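Open the model in your viewer and keep the selection tool at hand. Each stop below says what to pick and what to look for.

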Amino acid sequence: MGVKGARPRARFRLGLRDEGWILQNQRRTEESVAEFERALTLDPSGVDAYSGLGVDDLALGRFDESLEVLDKAIRASPSDPSLTYYYGNKAWANFGLRRYDEAIELARRAIAINPYNPYANVVLVAALALTDHDAEAREALQRYLAPSTR
C-alpha cells in the first residue's frame, strides 16, 4: 500500500505503524487498518500499532474489536504514557455499545491519569447524562471547563 504520493525511498524510512498513523490522519481508515495489521504481523508486541488499530476500529463502529485491541495495547505496555488515551478510547467503545456504566468507569480511570484528557472528559459527561446522573454530569463538565494551569 504505502502513503499515496510518497517517494519510494521515503517509504523505507517510514515504519508500517507510522504509515498507519499518517493514513489515519488523512481519514483513510480502511487503509490505515491494513497498515497497522501488517505492522502487527511483523511485530506482535507493537503497542503503538494496537493503539492505532483500536482507534480505527472505534472510528469504523467496530466497538468490540476496538476493546479487544486496546486491551492488547494495555497488556503490552501497562505503564505507557498514552494509557490515558487507551482507557479513554475504551470508554468511547463502551459508550458506542451503550454500556454507559463501563464507559463512566473507564473515563474516570483515564481522567485519574490525565485530568485534561478531552476525550475522556467528554465521554464521561455524556455517559453520566445518559444514565440520569445530571448533577454529576454538570460537575464533571464544570471541572473540565474550569480554568487551570494546563
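Predicted model: local features only at pLDDT ≥ 70, side-chain atom pairs only at ≥ 80, totals over all residues.

Which residues of helix 7 are buried? Pick Ala-103, Ile-104, Leu-106, Ala-107, Ala-110 and Ile-111. Now bring up the neighbours: these buried residues pack against helix 6 and helix 8.

Next, select Leu-128. Hide its neighbours within four places in sequence, then look at what is left in contact. Ile-104 and Arg-108 are there, along with His-133, Asp-134, Glu-136, Ala-137 and Ala-140.

Widen the view to the largest nonpolar core, which has 31 residues. Which members touch the most other members? Colour Leu-53, Tyr-86, Tyr-87, Leu-124 and Leu-128. Then colour by helix: helix 3 (29-42), helix 4 (47-59), helix 5 (63-76) and helix 6 (83-96) each supply at least two residues of this core. So do helix 7 (100-113), helix 8 (118-130) and helix 9 (134-145).

Now turn to charged pairs. How many salt bridges does a search of the whole structure find? The total is 6. Three are worth a stop.

Select Arg-28 and Glu-31. Their side chains meet in a salt bridge, at 2.8 Å from N to O. Glu-31 is partly exposed, because its relative accessibility is 27%, between the cut-offs of 20% and 50%.

Move to Arg-38 and Glu-35, both in helix 3. They lie 3 residues apart, about one turn of the helix. An α-helix has 3.6 residues a turn, so residues three or four places apart point the same way. The salt bridge between Arg-38 and Glu-35 is 3.1 Å, N to O. Buried or partly exposed: which is Glu-35? Glu-35 counts as buried, because its relative accessibility is 0%. Arg-38, at 33%, counts as partly exposed.

Finish on helix 5 with Lys-72 and Glu-68. The two are 4 residues apart, so about one helical turn separates them. Their closest N and O atoms are 3.9 Å apart, and the pair forms a salt bridge. Lys-72 is partly exposed at 30% relative accessibility. Glu-68 is also partly exposed, with a relative accessible area of 47%.

Terms used:
Residues numbered from 1 in each chain as written. Heavy atoms only, no water. Core = buried A, V, L, I, M, F, W, Y, C linked by side-chain atoms within 4.5 Å. Buried < 20%, exposed > 50% of the residue type's maximum accessible area, 1.4 Å probe, protein only. Contact = heavy atoms within 4.5 Å. Salt bridge = Lys/Arg side-chain N within 4 Å of Asp/Glu carboxyl O.
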